[in-house]
Amino acid sequence: MARDGGDLGGRPRRESRAGRGRLGTYQDKRDFTRTPEPAGATPPGPDGGPRRFVVQRHRARRVHYDLRFEIDGVLVSWAVPNGPTLDPAVKRLAVHVEDHPIEYLDFEGVIPRGQYGGGDVIVWDIGTWEPHGTDDPGAAVAAGDFHADVHGSKLRGRLVLVRRGGSRGDRRESDQWLLLHKADDDAVSGWNPEDYPESVLSGRTNEQVRADPDREWRSDLPPAQASVALRPPHIPGPTDAELTALDGLGAGGRWEAFGRELRLTNLDKELFPGRDGEPPVTKRELISYTARIAPVVLPYLAGRPLNMHRFPGGAAKPGFWHKQLPDHAPQWIPRWRNPDAKPGETTTYLVADEAAALVWAANFGALEWHAWTARASDPASPTYALIDIDPGEATSWDDVLVLARLHRTALEHLGVRAAAKVTGRRGIQVWIPVAAGLTFRDTRTWTEQLSKAIGAIVPELVSWKWDVRDRGGLARLDYTQNVHHKTLVAPYSPRAAAGAPVSAPIAWDELDDPSLRPDGFTIRTMLDRVAERGDEFRTVLGEGQQLPPLH
Ligand code: MN
């Protein structure tokens, strides 16, 4: 399909007639529920209501603005390096690029790196327009002289696009157009688009969207499916009826939940030994917890390959890593095929984009969920820097707390937002949301500098020896987890240990709570805690940060 990118984010087009017939099949797929137009809008055009236009601010190899008009069922498009303006004294270069499908009209999010136009996109302006001086704007574009009266949030008044001469002076050859604003009532001298950097849909800047995108545009999919949600919004939990049905299943059977049919097995199996005199935790309890925590945990898993730590024999027996999505997995399971997999490496990963997929993994024996630090769309770019306070044999819980509090103090002083969680075993981890553009080398180096400075304060607690046998039982501040193929356990994941403890996010001031324990929250208590306190980890989903220099 048509995509733009390149230096101006645009592949210059050669066809002289805009759109006629080229994207005709897309005309049937217009989804007006996704546009900001009032409900009930009729098909746009001369007979059916307003035509729409959009300006997307697109950071690809260079920042530019994509100006797109709905004409003949497609978005006829120009890439404008310096952006449109209301200033009538200014003429802008506009490069005519390929038509885009209507589905792109309200796209805001990221285009995966390495794909054409890779970068981030905001809907900088959107609205309606009418052609001026013709009732056949497609013909006006073909003739190289196009006038439009636009009604946007930022742009208004009459825009004029005029094709310039080509290399031989032939205007039909050229992709280079001039964009200007007529000196009408809407003109504003000195008006600069860069003074208005926010999306008219979300209020966010390109930087903010890049750091925490809602959607990505997948040019390998049909236009109607190309805008892919990276985080399911408002994820519903299981219904009471679904939970009752789970309780009513015998040892196994078909469970209808989340709109999927799941085949559950061995539901009465004791997966986790009991703890503190409590009964063992069954697989049914694990499935129930997984279904009910899914709305909270999915934002941390969605869009990311998932390494499953499987314990088919239960937590009392050894587990193993299972990364390859098995062939018997249902077709609806979201997955990611790693294009860079070498022979013998995992080719297809589960991606827990929906609750039912995580339930499927739990039924498959995945007691622990370890999602990648980067998204599948950009595996070389971590979205978090990870601090792993990994206790040694001689490290007491008080020692772990000392190290965690020192990290808290350091991050506070640096002005870096981060969230902490107990691991569900003996340690504490701190996750820091980082800005786009950082590499694993960047996050690893920064974390190493920070942790080494902290370790120097309490050298009696920390070892930097690689081999655990050389550490003398001391703790390790494991900055080496910041590598593309390594994962830490996801927040809210169960751990394979007695009592089914959970890696539980905590508030920073809980480090001073004498009752805090690293494995104190279990799948039997976690849901009440979330109901009471909300998601203590959500700062990790917020805007990514540049990591400040530490020297
Ligand atoms: Mn572009």
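The questions and answers below concern this predicted model.

Q: What are the conventions for numbering and for the values?
A: Residues are numbered from 1 along each chain as its sequence is written. The model is predicted, so local features need pLDDT of at least 70 and side-chain atom pairs count only at pLDDT 80 or more, while totals for chains, interfaces and linings use all residues; side-chain values use heavy atoms, with hydrogens and water left out.

Q: How many helices and strands are there in the protein?
A: The protein has 9 helices and 25 strands. Both are DSSP runs numbered from the N terminus: helices are H or I with at least four residues, and strands are E with at least two.

Q: Why is Ser381 called buried?
A: The term buried means under 20% relative accessible area, exposed means over 50%, and partly exposed lies in between (1.4 Å probe, protein chains only). Ser381 has 10% relative accessibility and therefore counts as buried. Ser381 is placed in the loop between β20 (366-371) and β21 (384-390). Leaving aside neighbours within four places in sequence, Ser381 is in contact with residues including Arg113, Leu438 and Phe440, where contact means heavy atoms within 4.5 Å. In the protein, buried residues make up 55% of the 551 residues.

Q: What makes Arg57 and Glu194 a salt bridge?
A: A salt bridge requires a side-chain nitrogen of Lys or Arg within 4 Å of a carboxyl oxygen of Asp or Glu. The closest N and O atoms of Arg57 and Glu194 are 3.1 Å apart, and the pair forms a salt bridge. Arg57 lies in strand β1 (residues 51-59) and Glu194 in the loop between β9 (176-181) and α2 (206-211), 137 residues apart, so the pair links distant parts of the chain. Arg57 is buried at 11% relative accessible area, whereas Glu194 is partly exposed at 38%. By this rule the count comes to 26 salt bridges.

Q: How is the separation of Lys452 and Glu448 in helix α8 described, and why?
A: Lys452 and Glu448 are 4 residues apart in helix α8 (residues 440-457), so they are separated by about one helical turn. Their closest N and O atoms are 3.0 Å apart, and the two residues form a salt bridge. Lys452 is partly exposed at 34% relative accessible area, and Glu448 is partly exposed at 25%.

Q: Why do β24 and β25 stand at the edges?
A: Two strands pair if DSSP finds at least two bridges between them. In the open sheet, 5 strands follow the order β24-β21-β23-β22-β25 with antiparallel pairing. β24 (476-477) and β25 each have a single partner strand, so one side of each is left without a neighbour in the sheet. β22 is joined to β25 (residues 505-506) by 2 bridges, and to β23 (residues 428-433) by 4 bridges.
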